Amino acid sequence: VKSKADIEKMRVSGRIAREILDAAGKMVKPGVATDEIDQLVHEMCMERNCYPSPLNYQNFPKSVCTSINEVICHGIPDSTILKEGDIVNIDVTIFHDGFHGDCSEMFCVGEVDDASKK
């Protein structure tokens, strides 16, 4: 059972993660490398006094997961450039004040065909 103070800390962590995810999602467009999204996520974590939970977890080398098209989850950001018609899931997890905040969302890169939207 968590205290009211702990529950509020959990809410704060969740809000921070969502704020970072929203900013990362705004970057999604043709021509953007997933490394650029990772860099933004990392910088936003540092600015908010939190740690990007994926970074160094079981040797994961990046601060966010970016899974493009058929990659189911935990895609590693790299020099891959997003292109028109891709779909990308961005998964942000942060650690702040003793608690993790975790959220993800699927984004369409430009125009995406109906089959991919399903």
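Mentor: Take Val92, which touches Ala17, Ile20, Leu21, Val41, Val64, Gly101, Asp102 and Cys103, leaving aside residues up to four places away in sequence; contact means heavy atoms within 4.5 Å. This is a predicted model: local features need pLDDT of at least 70, side-chain atom pairs count only at pLDDT 80 or more, and totals for chains, interfaces and linings use all residues. Residues are numbered from 1 along each chain as its sequence is written, and side-chain values use heavy atoms, with hydrogens and water left out.

Ile20, Ile90 and Val92 touch the most other members of the largest nonpolar core, which has 22 residues. Such a core is a set of buried Ala, Val, Leu, Ile, Met, Phe, Trp, Tyr and Cys residues joined through side-chain atoms within 4.5 Å. Two or more residues each come from α1 (4-26), α2 (34-47), β3 and β4 (99-108); helices (H or I, at least four residues) and strands (E, at least two) are DSSP runs, numbered from the N terminus.

In β3, nine of the 10 residues are buried. Buried means under 20% relative accessible area, exposed over 50%, partly exposed in between (1.4 Å probe, protein chains only). Phe95, in β3 (residues 87-96), counts as partly exposed because its relative accessibility is 35%.

Strands pair if DSSP finds at least two bridges between them. β3 pairs antiparallel with β4 over 10 bridges, and Val88 stands opposite Phe107 in β4. Four bridges join β3 to the antiparallel β2 (residues 65-68), with Ser67 opposite Asn89. β1 (residues 51-52) and β3 are antiparallel over two bridges, Tyr51 standing opposite Phe95.
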